[in-house]
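Have a look at it first, then read on.

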Amino acid sequence: MSSSYPLLDYTKAEMYAAAALCVGNLGKSSFCYAKIIWKIRQHQRRVQTNGGVNNHGTLCTDSMTLNNERYKKTISSVLWIQLTLTICYLPFIVTIGLVSYKGFTSALVTAWGIAVTLVFFNSSLNPFLYCWKIKEIRVAVKGIVSRLFPF
């Protein structure tokens with residue numbers, strides 16, 4: 001999307017295609033997130049209704065419970081990333097749709113600048129989100145920073 005910044009010269013068809021591409025990609029990532037949550041909940045329901053026995057006939061142990069807790073944590077992290085992606089790209093999608101329909105007005109030029117800034121801001125936010133929500137990445141970053149700046 002960053003390469004589409006100078007959309008002032010594009011045709012309406014190209015702008016509609018860019019909006020459709022954004023909507024499609026955002027929709028796919030949201031669908032995948034929802035499917036992951038649905039599968040995890042489905043698995044938990046099966047284990048609970050079978051009295052702690054999974055589909056393979058083996059008893060679920062504490063390690064499986066820990067795996068479920070880890071999956072829940074991972075899903076929470078992915079939710080934050082998905083929400084940030086949606087919040088940053090939705091104004092761009094709306095703005096590109098309006099610009100395609102109405103053309104550039106003074107208000108839409110301002111909205112365009114804000115929307116594009118949010119898209120770029122999403123790329124800046126992702127490393128912080130990953131460090132905040134994913135312990136392994138946070139530990140690795142701390143190790144790299146401590147080697148670079150040994151105070």
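## Starting at Pro127

Pro127 sits in helix H3, which covers residues 106-133. Helices here are DSSP runs (H or I, at least four residues), as strands are (E, at least two), and both are numbered from the N terminus. Is Pro127 buried, partly exposed or exposed? Pro127 counts as partly exposed because its relative accessibility is 44%; buried means under 20% relative accessible area, exposed means over 50%, and partly exposed is in between (1.4 Å probe, protein chains only). Eleven residues along the sequence from Pro127 comes Arg138, and the two are 9.8 Å apart in space, C-alpha to C-alpha.

A word on what you're looking at: this is a predicted model, where local features need pLDDT of at least 70 and side-chain atom pairs count only at pLDDT 80 or more, while totals for chains, interfaces and linings use all residues. Residues are numbered from 1 along each chain as its sequence is written, and side-chain values use heavy atoms, with hydrogens and water left out.

## The overall layout

The protein has four helices and zero strands, so reading from the N terminus you get α-α-α-α. Of its 151 residues, 23% count as buried.

UniProt, in an unreviewed entry, lists residues 15-38, 78-101 and 107-132 as "transmembrane region". Its positions are given here in the numbering used for this model, with feature names shortened, and such annotations may be inferred rather than shown by experiment. In the model, residues 15-38 are 100% helix and 0% strand, with the end C-alpha atoms 34 Å apart. Residues 78-101 are also 100% helix and 0% strand, and their end C-alpha atoms lie 34 Å apart.

Tyr89 belongs to helix H2, residues 62-102, and Tyr89 counts as buried because its relative accessibility is 18%. Thr117 is 28 residues from Tyr89 in sequence, and their C-alpha atoms are 10.0 Å apart in space.

Ile81 is in helix H2 too. With 18% relative accessibility, Ile81 counts as buried.

## Patches on the surface

Which residues form the positive surface patch? They are Lys35, Lys39, Arg41, Arg45 and Arg46. Patch residues have over 30% relative accessible area and no salt bridge; like charges are joined within 9 Å, and nonpolar side chains (Val, Leu, Ile, Met, Phe, Trp, Tyr) within 5 Å. A salt bridge means a side-chain nitrogen of Lys or Arg within 4 Å of a carboxyl oxygen of Asp or Glu. Arg41 is in helix H1, residues 12-49, and counts as exposed because its relative accessibility is 51%.

There's a nonpolar patch as well, about 830 Å², made by Tyr130, Ile137, Val141, Ile144, Val145, Leu148, Phe149 and Phe151. Areas come from the Shrake-Rupley method with a 1.4 Å probe. Helix H4 (residues 135-148) gives the most to this nonpolar patch, with five residues. Ile137 is found in helix H4, and at a relative accessible area of 34% Ile137 is partly exposed.

Technical notes: Lys, Arg positive; Asp, Glu negative; His and termini not counted. Charge placed at Lys NZ, Arg CZ, Asp CG, Glu CD.
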